[in-house]
Amino acid sequence: MKAVVFDMDGVLFDTEMVCMKAWMAVAEKNGMPGMEEVFPQCIGLNANDSRQIVMKAYGRDFDYPHFRQQAADWFQSYLQEKGLPVKPGAHEILEWLRETGFPMGLASSTRSDSVYSHLEQAGFRKYFDVVVAGDMVEHSKPRPDIYLLACRKLETEPEFVYAIEDSPNGIRSAHAAGMRPIMVPDMIAPDEEMRRLSFRIRKDLFEVLAYLKQEKENG
């Protein structure tokens, strides 16, 4: 292992659940049936790719920008009231990797302003040598572009980099990039495809940390 790249939502922060609540609330308010089936398809995608899925579900005349703005407002109101939910083990694994000297990157399908805002709010910005957001590539996960860009910026070949992911789209992206994906399931349990594409599957970040420590000891 030469470097580690983290996804953000669902891995470092428990924000995918908040995002789902936002989408469901706005959908109910606007009379949009079936959002419980549409939202999971968008997990791990950037706004451009999510738009295609939502438009397919609700029609070409659907006002997607207005929907996303309503959902974003709901999301921000929740964070202002409840705070940014940090995943258990996030501080510990980031601190250990920094102390051990491993370069770290972040590859998130979320747009840049939200990524940097969340990292600053949690005090995590200092850990990452490279940050790649969803608006830095035309197509995000499950395509490999975002992870390939992160590896190029880290100046490390993908096969020597672990990708810490929670979503199927993220695992597909990291696998397609030629990395070593470690799945930490969040909202979607791993199926046979995920067990095949993942290098390892671990319950939480504490288990990932224990695995990385063991790998370092084993050389």
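## Exercises on a predicted model

Phe62 has a relative accessible area of 18%, so this residue counts as buried. The model is a predicted one.

**Exercise 1. Classify the ring pair formed by Phe62 and Phe67, and state which cluster holds these residues.**

Step 1. The ring centres of Phe62 and Phe67 are 5.8 Å apart; the cut-off for a pair is 6.5 Å.
Step 2. Their planes stand at 55 degrees, so the pair is tilted.
Step 3. Phe67, at 1% relative accessibility, counts as buried.
Step 4. Ring pairs join Phe62 and Phe67 with Trp23, Phe39 and Tyr58 in a cluster.

**Exercise 2. Classify the ring pair of Phe6 and Phe128, and work out which parts of the chain the pair ties together.**

Step 1. The structure has 11 aromatic pairs. In the pair of Phe6 and Phe128, the ring centres are 6.2 Å apart and the planes are at 80 degrees, so the pair is edge-to-face.
Step 2. Phe6 belongs to strand E1 (residues 3-6), while Phe128 is in the loop between H6 and strand E3 (130-132), so the pair ties together parts 122 residues apart in sequence.
Step 3. Phe6 is buried at 0% relative accessibility, and Phe128 is buried at 5%.

**Exercise 3. Find which residues have the most contacts inside the largest nonpolar core, then list the contacts of Phe124 beyond four places in sequence.**

Step 1. The largest nonpolar core has 53 residues, and Phe6, Leu12, Phe124, Phe128 and Ile164 have the most contacts inside it.
Step 2. With neighbours within four places in sequence left aside, Phe124 is in contact with Leu12, Phe13, Val86, Ala90, His91, Leu94 and Leu119.
Step 3. There is also a second, separate core of 17 residues, including Ala3, Ala150, Val161 and Met179.

**Exercise 4. Is Thr15 buried or exposed, and what does Thr15 contact beyond four places in sequence?**

Step 1. Thr15 lies in helix H1 (residues 15-29).
Step 2. Its relative accessibility is 1%, so Thr15 counts as buried.
Step 3. Leaving aside neighbours within four places, Thr15 is in contact with Asp9, Gly10, Phe75, Leu84, Pro85 and His118.

**Exercise 5. Describe the lining of the largest pocket: its closest residues to the centre, its main contributor and its residue classes.**

Step 1. The largest pocket has a volume of about 730 Å³. Its lining has 38 residues, of which Asp9, Cys19, Arg68, Thr110 and Arg111 are the closest to the centre.
Step 2. H4 gives the most to this lining, with eight residues.
Step 3. The lining of the largest pocket comprises 14 nonpolar, 14 polar and 10 charged residues.

Terms used. Residues are numbered from 1 along each chain as its sequence is written. This is a predicted model: local features need pLDDT of at least 70, side-chain atom pairs count only at pLDDT 80 or more; totals for chains, interfaces and linings use all residues. Side-chain values use heavy atoms; hydrogens and water are left out. A nonpolar core is a set of buried Ala, Val, Leu, Ile, Met, Phe, Trp, Tyr and Cys residues joined through side-chain atoms within 4.5 Å. Buried means under 20% relative accessible area, exposed over 50%, partly exposed in between (1.4 Å probe, protein chains only). Contact means heavy atoms within 4.5 Å. Helices (H or I, at least four residues) and strands (E, at least two) are DSSP runs, numbered from the N terminus. On a 1 Å grid over the protein atoms alone, a cavity is a set of points where a 1.4 Å probe fits but cannot get out, and a pocket is an open set with protein on both sides within 12 Å along at least five of seven lines; lining residues have an atom within 4 Å of a point. Grid points are joined across faces, edges and corners, and a volume is the space filled by probe spheres set on the points. Ala, Val, Leu, Ile, Met, Phe, Trp, Tyr, Cys and Pro count as nonpolar, Asp, Glu, Lys and Arg as charged, and the others, Gly among them, as polar. Rings of Phe, Tyr and Trp (its six-membered ring) pair if their centres lie within 6.5 Å; planes under 30 degrees apart count as stacked, over 60 as edge-to-face and the rest as tilted.
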